[in-house]
Amino acid sequence: APATTPLRNPEILFAYASRKERLFDTDLLCIKAALLEATKLKLQGRSRLFLNTQPRSLTNPQFAQLVPQLVAEAGFNNKEIVFELTEQQTIVNPQAFAKTLGLLREIGFQIALDDYGVGFANLRLVQDLRPEYLKLSGYFCKDVHKDPFKQLIVRSTGEMCATLGIPIILESVETADELAVVRDLGITYGQGYFFARPASAADVLSGDAFVMDDGSPA
């Protein structure tokens, strides 16, 4: 969407698409755009690519047909793609969702549970989805170096994931103080403004994107 319109905001865009019953089409366009940006950066064969995906889109049987084609056309292997499930409360057809999820996993795709610990992304979904990755909500990272209670939650969640064999990713790491603490708490990976801000492939290639020298995972 043009930068001058409210639809530039993903939350507004997907809320509007949902009201107009165009959520699947919008999700597909965003996946195409993400694959195009990743192609420009030549990420094929070099890393995992996480694609935000609305669970309701997975209830559409076309998802398991069209998305693998898009991934192949972009030159990625299925095993390089992780569907990052957002807005879990919108799973309105569990049977269709589970069927598509099963088909995707059979051909190598993986799943990440996003925003764990807030809203509907709870322990039951870890049990039901058995995600390959778990993304702990950035709520638990903000000022974590000042909050011993948050530190206990982050540590215990990390220990649970380690026991289950699920890599954990802490969202919204924004300061060096937060990074230092979560490293000590046993968190393996992190994302957030401390490492880099959102940027287009063009900005990354031109060197205009902001990337910290210490861009390694938390």
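Q: Which residues is N78 in contact with, leaving aside its neighbours within four places in sequence?
A: With that exclusion, N78 is in contact with V71, I107, G108 and F109. Contact means heavy atoms within 4.5 Å.

Q: What sort of model is this, and how is the numbering done?
A: The model is predicted, and residues are numbered from 1 along each chain as its sequence is written. Local features need pLDDT of at least 70, side-chain atom pairs count only at pLDDT 80 or more, totals for chains, interfaces and linings use all residues, and side-chain values use heavy atoms, with hydrogens and water left out.

Q: Back to N78: where is it, and is it buried or exposed?
A: N78 sits in the loop between α3 (63-73) and β2 (81-85). Its relative accessible area is 18%, so N78 is buried (buried is under 20%, exposed over 50%, partly exposed in between, with a 1.4 Å probe and protein chains only). Helices (H or I, at least four residues) and strands (E, at least two) are DSSP runs, numbered from the N terminus.

Q: What does the side chain of N78 reach?
A: The backbone oxygen of I107, at 2.8 Å. That is a polar contact: a pair of N or O atoms within 3.5 Å, where within protein one must be able to donate a hydrogen and the other to accept it, and residues adjacent in sequence count only if both atoms are side-chain atoms.

Q: And how far is N78 from Q110?
A: They are 8.4 Å apart, C-alpha to C-alpha, and 32 residues apart in sequence.

Q: Switching to T100. Where is that one, and what does its side chain reach?
A: T100 is in helix α4 (residues 94-106), and its side chain reaches the backbone oxygen of L58 at 2.6 Å. T100 is buried, at 4% relative accessibility. Not counting residues up to four places away in sequence, T100 touches L58, N60, F63 and A64.

Q: Which residues of α3 are buried?
A: F63, A64, V67, P68, L70 and V71. Seen down the axis of α3, they fall within an arc of 155°, so they line one face of the helix; the arc is that of the directions from the helix axis to the C-beta atoms.

Q: What covers them, and what is on the face turned away?
A: The cover includes α2 (23-40), β1, β2 and α4. The face turned away from the buried side carries the exposed residues A72 and E73. After α3 comes G75, with a positive phi near 85°.

Q: What else does I81 touch?
A: Not counting residues up to four places away in sequence, the residues touched by I81 include L35, L51, V71, F76, F109 and Q110.

Q: How many residues are in the largest nonpolar core?
A: It has 47, and those with the most contacts inside it are L35, F63, F76, I81 and F83. Such a core is a set of buried Ala, Val, Leu, Ile, Met, Phe, Trp, Tyr and Cys residues joined through side-chain atoms within 4.5 Å.
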